[in-house]
Amino acid sequence: MISKKMTIKIPTGLEARPVALLVQVASQYESNVYVECENKKINAKSIMGMMSLGLPAGEEITITVDGSDEEAALANIEKYICGE
């Protein structure tokens, strides 16, 4: 299991379209992927769960990935969230 803190650099934050794309990125991997913010921990493959967070640009989150392809999953999620 690996975790990393990152800041959302998507200009609109995680609203409907960016959330849908994040769910697509996370769903490409077998690993379990979670987004943590404050006291909430949400499955990043759940579009409804992710929508419930309503995270704005500039918000700091922690991504936790656990599974056989966790490093690739974390790297690609970071590229998406941080705009790299």
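Author: Let's start with Ile47, which is partly exposed, with a relative accessible area of 40%. Buried means under 20% relative accessible area, exposed over 50%, and partly exposed lies in between (1.4 Å probe, protein chains only).

Reader: What kind of model is this?
Author: It is a predicted model: local features need pLDDT of at least 70, side-chain atom pairs count only at pLDDT 80 or more, and totals for chains, interfaces and linings use all residues. Residues are numbered from 1 along each chain as its sequence is written, and side-chain values use heavy atoms, with hydrogens and water left out.

Reader: Where is Ile47 placed?
Author: Ile47 is in helix 2, residues 47-53. Helices (H or I, at least four residues) and strands (E, at least two) are DSSP runs, numbered from the N terminus.

Reader: Which residues form the nonpolar patch on the surface?
Author: Ile47, Met48 and Met51, with about 300 Å² of accessible area together. Patch residues have over 30% relative accessible area and no salt bridge; nonpolar side chains (Val, Leu, Ile, Met, Phe, Trp, Tyr) are joined within 5 Å, like charges within 9 Å. The areas come from the Shrake-Rupley method with a 1.4 Å probe, and for residues only the protein chains shown count as cover.

Reader: New topic. How many salt bridges are there?
Author: The count comes to 1 salt bridge. The rule asks for a side-chain nitrogen of Lys or Arg within 4 Å of a carboxyl oxygen of Asp or Glu. Lys4 and Glu78 form the bridge, and their closest N and O atoms are 2.8 Å apart. The pair links distant parts of the chain: Lys4 is in strand 1 (residues 2-7) and Glu78 in helix 3, 74 residues apart.

Reader: Is Glu78 buried or exposed?
Author: Glu78 counts as buried because its relative accessibility is 18%. Lys4 counts as partly exposed, at 33%.

Reader: What else is Glu78 in contact with?
Author: Leaving aside neighbours within four places in sequence, Glu78 is in contact with Lys4, Met6 and Gly83. Contact means heavy atoms within 4.5 Å.

Reader: And Lys45, where is that found?
Author: Lys45 is in the loop between strand 3 (40-43) and helix 2. Beyond four places in sequence, its contacts include Tyr29, Glu30 and Val33.

Reader: Last one. Which ring does the charged end of Lys41 sit over?
Author: The ring of Tyr34, 5.0 Å from its centre. That term needs NZ of Lys or CZ of Arg within 6 Å of the ring centre and within 35 degrees of the ring normal.
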